[in-house]
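Here is a short briefing to read alongside your model. Have the sequence and the 3D view open as you go through the points.

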Amino acid sequence: MTELADASPVFDALRQEDLFPIREVSRVTGVNPVTLRAWERRYGLIQPTRTDSGHRLYSATDIETVRSILAWIERGVAVSKVGKILARQDERNAPAESEDGARNNEWGEWQAHIAHAVAAFDAVQLERLYGQVFASYSLAVVFERIFMPLWQDLLLRRDAFGQTSEWLFLDSFLRARVLQRLQLAADGPGNVLLSAWPGHCHELELLVAGLLLAGEGEALRVLAYGQPMAELTLVCDKVQPPALVLFSNKPTDEAAKQLTRLALTLPCPLLLAGEAAELLQDELAGSPVACLGNEGSLMRRRLQQFLAGRLDS
């Protein structure tokens, strides 16, 4: 697999050991130098090295951080909150990086193969790789460590010529496969409902969250993407689920108040999953809204504990 490692879009043909001046970073990312300096000084989002004369030099990792910042801003997250998101992501990734570097390299090689198939729009090869990855790893690793990071990377680059087509190709492929798996999951009375907060995530992110929450046969039903938030009370009144999980990757300033108001109208408990759950946890403490987090095994464990607690009470 190593001969394809350089094909991975993660580094965009940049070597990890290379350092780049601010004008080159601005050209590659589209962020002007004034903004890059403000993100450094005011928010501490990036920390470039300095030459003896004081000029800033950025690594490939710094460039990827800039792209991540742009992605969160595009989702509507205030730049002042992005640092907290990136810090949480680093906390989640650190144990895997320190304890299992070999596996990270392995996952990166799989990503390189998949990126190569996507760039060639080779559906047959992509299907073959998808099957091989699932035969080798758990569902959580397949999506959280291999496919979704690559999907996110292509999403960040879709303004470049050809990148939108590649992202759409992978997105369409994954949505179809995830829907297949969700349809095979248990679907009957007593299912937890999962719904997207409109405009707060992409459909694939919602579907993958459903897979991760369901795990091995947890009763869960994903509502159609585009489900109006104003009609969730109506749906829950008719379905009478044990809980409603709302998925959001966009923690807005008014989100905590909106969630609390929604929770008071529902005939069932309201739980929050996604990046918003990570960032709003303190604000929602003591409210009728429970936070599940954003990482697959954590979300599933908290959901199971919540449901078990309600059964015991």
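**Nonpolar cores**

The largest nonpolar core has 52 residues, and those with the most contacts inside it are I114, F143, I146, F147, L170, L174 and V245. Such a core is a set of buried Ala, Val, Leu, Ile, Met, Phe, Trp, Tyr and Cys residues joined through side-chain atoms within 4.5 Å. Buried means under 20% relative accessible area, exposed over 50%, and partly exposed in between (1.4 Å probe, protein chains only). This is a predicted model: local features need pLDDT of at least 70, side-chain atom pairs count only at pLDDT 80 or more, and totals for chains, interfaces and linings use all residues. Residues are numbered from 1 along each chain as its sequence is written, and side-chain values use heavy atoms, with hydrogens and water left out.

- Helix α7 (residues 139-156) gives this core its largest share, 10 residues; helices here are DSSP runs (H or I, at least four residues) and strands likewise (E, at least two), numbered from the N terminus.
- Not counting residues up to four places away in sequence, I114 touches L126, L129, V133, I146, F147 and L150, where contact means heavy atoms within 4.5 Å.
- A second, separate core of 24 residues includes L246, L266, C268 and V289.

**Around A290**

- A290 sits in strand β8 (residues 289-293).
- A290 counts as partly exposed because its relative accessibility is 23%.
- Leaving aside neighbours within four places in sequence, A290 is in contact with L270, L271, L272 and F306.
- The C-alpha atoms of A290 and P269 are separated by 8.2 Å, with the two residues 21 apart along the chain.
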